[in-house]
Amino acid sequence: MTDELFKQLPKMDQLINSPQLEGWSQVFPKQTIKDLCNQVLQETRQKIVHNEIDEVNILAIITEVDQKLEGKNQPSLKQVVNATGTVLHTNLGRSLISESIIKKLHTTSMHYSNLEYDIPEGRRGSRYDHVEELICELTGCEAALIVNNNAAGVMLLLSALLPNKEILVSRGELVEIGGSFRIPDVIESVGATLKEVGATNKTHLADYQRAISEETGAILRVHTSNYKIVGFADKPDDSDLVKLAHNHNIPAFNDLGSGSLLDLQEIGLPYEPTVSDTVKAGFDVVTFSGDKLLGGPQAGILVGKKEYIDQLKKHPLLRALRVDKFTIAALEYVLMEYRNPKTVFEKVLPLKLLSQSQECLEEKAMSLQESIQNIGKGYQTKLVAGNSQVGGGAYPGVKLPTTLVEVNHDSLSESVLERRLRLSKNHIIARISDGKIQFDVRTLIGDDIDRIADTLADII
Ligand SMILES: *Cc1c(COP(=O)(O)O)cnc(C)c1O
């Protein structure tokens, strides 16, 4: 019987030249297709040996190879539907950039540019010049520099200006952000020494004062991006801290993390110092991210006094942290939107998602609920009030009121539903709470509502 089945196994040519697989030779090298055929044939042989099958189904073998090739032909970086409501979701790609801005990048990609060319002078220019003036205009700083991300910005700042020196940081600000970026480790890694100041909940100006010595290189303030110390807690004002540093002839730096260009109280968020406020307080260098609240591409932006930024521009590490032309172009176009306060909340997508009105969220929720009810198939839905998060290390603990569409099914558990939604071709990432799936409509954009409804209909 086993021998009989082995004889029925198709030949390689028969598989490769079958109508179903033939087309793949336009996409993959022949060897890749052969390897996958061999893999499926080998699996079939194993099944024969273990008496798991009693006939060889050639069509099934071809279909399996076809599916494997199809899988291989998909990009690894996929579109997903963010139904979590977290606007700056680091795992899901953080900031979105609007179509009108991305369209402008076509020119950058398909034409040569003056990336490092000084047109008036007809000679080599600097890629760092392009957005500097605009950043200065928007933040009130003297000079600015762009690097890969804010983590790189902090590394560059500390390694260029402070090796072998002590850096004073409050014990309340020894932050760890995702991806093992920890302030104490970063300071150590650049060869500087961390000097902890004050207590976790309270650090007074006098604590900084006492800690200053001959060895002190700078005072570093770090935004507590992803946690909040509440209760019996205090820290000196930015401007008092800067004055203290300057009275001792040392610089004061601020890792702002998210760093908003706008005061977001206007859309109902609590006050956080903006980049301009922080520059105005007198910090010598302030660093922040391009793809958090700013709403641009991944980048780290350093702003501050010219004498310090100029030193950073000359540091050899900068070459390793330099940004490409797409980052520069996207950042420039996003920043230009900030010149118009009337349209910035429409054009910069994270700001748009954060500033949606309750009516707008309710409307979206009702539309999703209706689409799901139309499916039938055993789904029950309910609208409930809930909260979204800003995310991306911004406004920790702040709850943004939103409307959730809660879904459960007659016979499928919430964990099975969640898994099927996630693994479906639309890759829908939802929340689970109280035995129900929850879709937070805040982060649903474009045709996401249709995608969710179509997927729910498909997965039963
Ligand atoms: C997010 C964050 C960083 C890292 O910024 P990336 O742009 O993600 O590299 C550094 N410091 C603070 C305080 C942050 O919030």
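Trainee: What should I know before we start?
Mentor: This is a predicted model, in which local features need pLDDT of at least 70, side-chain atom pairs count only at pLDDT 80 or more, and totals for chains, interfaces and linings use all residues. Residues are numbered from 1 along each chain as its sequence is written, and side-chain values use heavy atoms, with hydrogens and water left out.

Trainee: How many helices and strands are in the chain?
Mentor: The chain has 20 helices and 17 strands. Helices (H or I, at least four residues) and strands (E, at least two) are DSSP runs, numbered from the N terminus. The C-alpha trace spans about 90 × 55 × 45 Å along its principal axes.

Trainee: What share of the residues counts as buried?
Mentor: Of the 460 residues, 49% do. Buried means under 20% relative accessible area, exposed means over 50%, and partly exposed is in between (1.4 Å probe, protein chains only).

Trainee: Why is Glu173 called buried?
Mentor: Its relative accessibility is 3%, so Glu173 counts as buried. Glu173 lies in the loop between strand S5 (166-170) and strand S6 (176-177).

Trainee: What makes the link between the side chains of Glu173 and Arg221 a polar contact?
Mentor: The distance is 3.3 Å. A polar contact is a pair of N or O atoms within 3.5 Å; within protein, one must be able to donate a hydrogen and the other to accept it, and residues adjacent in sequence count only if both atoms are side-chain atoms. Leaving aside neighbours within four places in sequence, Glu173 is also in contact with others, including Tyr208, Tyr227 and Lys235. Contact means heavy atoms within 4.5 Å.

Trainee: Why does Gly393 count as partly exposed?
Mentor: Gly393 has 21% relative accessibility, so it counts as partly exposed. Gly393 sits in the loop between strand S13 (379-388) and strand S14 (400-409). Not counting residues up to four places away in sequence, Gly393 touches Ser225 and Ser258.

Trainee: Which residues of H4 are buried, and what do they pack against?
Mentor: Among the buried ones are Ile33, Leu36, Cys37, Val40, Leu41 and Thr44. An α-helix has 3.6 residues a turn, so residues three or four places apart point the same way. The buried residues of H4 pack against helix H1 (2-8), helix H2 (12-16), helix H3 (19-22) and helix H5 (58-72). Just after H4, Asn51 takes a positive phi of about 55 degrees.

Trainee: Which residues come nearest to the ligand?
Mentor: Of the 13 residues around the ligand, Ala151, Ser225, Asp255, Ser289 and Lys292 come nearest. A residue is near a molecule or strand if one of its heavy atoms lies within 4 Å of it.
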